[in-house]
Amino acid sequence: MHTGQSVILDENFGGTVSMSSSKYSMYLAVIPTYRNPCIEVLREMENGNLRILASDYGLDPTVRTGIDKDFYERVRRIGIFGGKVLLQVGSWRNPLSASVTILDLNPRSLTAWGILALRRIMRRRTLVWGHLHPREGSSSKTAFLRRTMRRLSQGTILYGYASVVPARREIPDQPVWVAPNSLYKRAHINVENATESRKSIVYVGRLVAEKNVDQLIPAFHRSGLKDKGAVLEIVGFGNATETIEKQISDFGLEESVVLHGRIESPVELAEIYARSIMSVSPGYVGLSVTQSLGFGVPMLYPEDAPHAPEIELAVVGPMQSYSPTTEESLAVALRDYFLYLDSNPVSAREISTKVGELYSAESMASGISAALRGQVVEFDKDGWPKEMVAR
C-alpha cells in the first residue's frame, strides 16, 4: 500500500514534501496497552519515519501508557486545576519541526493547544486525532473547543466511520480520515475455537460504577437463566469488584458466575467468547463491542447510554438494545435475547470477518498512515469506506 517514494502537494500551505526524507511525529497524552497492535503495524508501515511521544498517563490516572517501551519516548506530565487540565513538558522539538505532527483532539490538553498554535504560525501540517465530540454530543457546551482545534489543524483523524458525515458538515473544506478504534490484528479476530453449544453470557470491561456493573448480578439472578444452564462470565477489574463478589454470595450464584479478573491476551479471551452465546454491557458501549463482534458474539446493550463511536458496529453485526437502563429491564432483555439466540444461532464467522475488515489494527494503522501522507480516502454517503462497502 505504501511502497516507493511518494511526493504530495500540501494543499493547505503550498509546496511539495518529499515523503522519502520527511519525519512524522505523534505527541499524545497516553497510549494504552490495547494500542500496541496498531502502533506495531504503524511503525512497520512508516519504516523508521515516525517518532511517538507520550506520558505515563493523561487526565485519567487509571488509563496508563502500556505499549512496548521501544515504541515511544516518555514525556513528563503536569496536572493543572486538580488534574482537569493536562500539560506535557519537554521533547517539543520533534513535534514542532516534523513535517507532519499528530496531536490529541482534546481541549483539556494545553500541550495540544500550544503545539497546534505554534505549528499554525510556522505553516506546518498538523493533524488532530480523537473523538469528534465530547461524550455529551455536538450540543455540549465545550463542543466548540474541539471545532476550534480542528480549524487550527489541517485535518482530522476520527475514531469511527459514523463521525465522517458530521465532521464534514461542520468543516466542509477539511479532509478527514478514520482510524477505527481497534484492538487486535486481523489474524487474532477469528472464531476458530467456537463451540457448538454456547451457554455463557460474558461481560468484558472495567468494573466501575459508571459502567453500571452493579446491575449485572441482580439482573442475571432475576432473569432465571441459571435454570437454563447459563453461566455469567465477568472479565475485568475495578473498584466495584468487592460489590460484585458480595452480590454473588448474597444470591447464591457461586456455581453460575465466574469472575476472571483482568485478561488481555486475545487467545485467552477468544476461548471465553467461543463458549459465549452473547455479551452484555449494562452501561455505555466502547471497545467491548469491537471485541465481542470480532469474536462473532452478539451484544446486548442499553439504548439510552452515552455510547462511544464503536456503537456504529450495530449496522455490521447483531446487537440488541434495551430500555430503560435499569436492573429490571436488563433482566428481561437478558432472558429474551438469550432464548432468541439459543433458537436462532448467528453466523459467527461472517460477523467476525466483517469486523476484521473494518476494525482491525491494520485498518486503524492504515487510517493514520493515510492521514500522515495526505492520501485521499473515499467514503460513501454514510461515512463508510467505499472499498469495504463494495466487498
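## Basis of the description

Helix axes are lines fitted to C-alpha atoms over the stretch in contact, and angles run from 0 to 180 degrees between N-to-C directions. Helices (H or I, at least four residues) and strands (E, at least two) are DSSP runs, numbered from the N terminus.

The model is predicted: local features need pLDDT of at least 70, side-chain atom pairs count only at pLDDT 80 or more, and totals for chains, interfaces and linings use all residues. Residues are numbered from 1 along each chain as its sequence is written, and side-chain values use heavy atoms, with hydrogens and water left out.

## Helix α6 and its partner α10

Helix α6 (residues 216-223) packs with helix α10 (residues 327-343) at an angle of about 50°, and their axes are 8 Å apart. That makes α6 oblique to α10; angles under 35 degrees count as roughly parallel, over 145 as roughly antiparallel, 65 to 115 as roughly perpendicular and the rest as oblique. The crossing of α6 past α10 is right-handed, a term used if the near helix is turned clockwise from the far one by less than a right angle, whereas anticlockwise counts as left-handed.

In the contact (heavy atoms within 4.5 Å), P218, A219, F220, R222 and S223 of α6 meet E327, E328, L330, A331, L334 and R335 of α10. The residues of this contact of α6 with α10 comprise six nonpolar, one polar and four charged. Here Ala, Val, Leu, Ile, Met, Phe, Trp, Tyr, Cys and Pro count as nonpolar, Asp, Glu, Lys and Arg as charged, and the others, Gly among them, as polar.

Six of the eight residues of α6 are buried, so the helix is mostly covered; buried means under 20% relative accessible area, exposed over 50% and partly exposed in between, with a 1.4 Å probe and protein chains only. The buried residues are L216, I217, P218, A219, F220 and S223. They pack against β12, β13 (231-235), α7 (241-250), β14 (257-261), β15 (276-280) and α10.

Q215 lies in the loop between β12 (200-204) and α6. Q215 is buried as well, with a relative accessible area of 12%. Apart from residues up to four places away in sequence, Q215 touches P282, T325, T326, E327 and L330. After α6 comes G224, which has a positive phi near 75°.

## The seven-stranded sheet

Seven strands form an open sheet with parallel pairing, in the order β5-β4-β3-β8-β9-β10-β11; two strands pair if DSSP finds at least two bridges between them. The edge strands, β5 (73-74) and β11 (176-178), each pair on one side only. Within the sheet, β3 (residues 24-28) and β8 (residues 100-104) are parallel partners over four bridges, and Y27 stands opposite L103 in β8.

Helix α3 (residues 110-121) packs on the sheet and touches β3, β8 and β9 (125-130); its direction makes about 150° with that of β8. Helix α12 (residues 361-373) also packs on the sheet, touching β3, β4 (50-54), β8, β9, β10 (156-158) and β11, and its direction makes about 155° with that of β9.

## A further helix pair and a hairpin

Helices α3 and α4 (residues 143-152) pack at an angle of about 30°, with axes 9 Å apart, and α3 passes α4 in a left-handed crossing. A112, W113, L116 and R120 of α3 make the contact with L145, T148, M149, R151 and L152 of α4.

Strands β6 (residues 76-80) and β7 (residues 85-89) pair in the antiparallel sense over five bridges, with I78 opposite L87 in β7. Four residues lie between the strands of this hairpin, where F81 takes a positive phi near 55°.
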